[in-house]
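Q: Hi, I'm new to this one. Could you walk me through it?
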Amino acid sequence: MKIIFLNVIFLFSLNSFAKDYLVLSNDTKRDEVIDRETVKNIFLGNKLYWKSGKRIMPVHLSVEDSSFQVFLEEVVDMDSTQFTSYWRRKLFSGRAYPPKQFEKDDMIIEFIRKNNAGIGVISKAPDKNSNGLIFFQID
């Protein structure tokens with residue numbers, strides 16, 4: 001009963017974020033400081049490791065997805081063309097690998113659940129069970 005009540009409160013609080021995107025991670029990242037600058041550095045390949053020493057595994061929706069485009073503009077300060085060009089240059093120079101892309105929110109959620117070093121961007125709060133996930137409000 002308590003778990004159901006907490007999930008209802010949790011889903012209600014996710015709706016209060018009122019963003020076109022959500023940043024999420026495995027709930028093992030509760031001790032990490034995840035703010036706008038940190039997320040930007042992760043998705044630009046400038047922050048590569050968590051405090052634990054594990055390599056960060058960023059994932060996101062397709063660059064054509066409208067929610068991800070809003071994320072890029074608000075958090076990364078780039079549009080999708082700039083972001084793609086940025087990663088092409090970085091990949092060509094051998095300095096880093098771009099974040100993995102998935103077509104659907106559910107695929108990202110499943111990836112984050114299975115990979116405790118993952119962080120992702122989805123378009124909306126999950127309809128189903130959100131156990132094992134933590135969501136970050138990025139201002």
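Q: How do strand S2 and S3 pair?
A: Strand S2, residues 57-61, pairs with S3 in the parallel sense over 3 bridges. Pairing takes at least two DSSP bridges between the strands, and strands (E, at least two residues) and helices (H or I, at least four) are DSSP runs numbered from the N terminus. This is a predicted model, where local features need pLDDT of at least 70, side-chain atom pairs count only at pLDDT 80 or more, and totals for chains, interfaces and linings use all residues. Residues are numbered from 1 along each chain as its sequence is written, and side-chain values use heavy atoms, leaving out hydrogens and water.

Q: Got it. Which residue in S3 is the bridge partner of Leu61?
A: That's Phe102.

Q: What does helix H2 touch on the sheet?
A: Helix H2 (residues 36-43) packs there against strand S1 (22-26), S2 and strand S4 (118-122); touching means heavy atoms within 4.5 Å.

Q: Switching topic: how many salt bridges are there?
A: The structure holds 3, each being a side-chain nitrogen of Lys or Arg within 4 Å of a carboxyl oxygen of Asp or Glu. One of them joins Asp77 and Arg36, at 2.9 Å from N to O. Asp77 sits in the loop between H3 and H4 and Arg36 in helix H2, so this pair ties together parts 41 residues apart in sequence.

Q: What else does Asp77 form a salt bridge with?
A: Lys40, with the closest N and O atoms 3.1 Å apart. Shared partners join Arg36, Lys40 and Asp77 into one network.

Notes: Axes fitted to C-alpha atoms, helices over the stretch in contact; angles between N-to-C directions.
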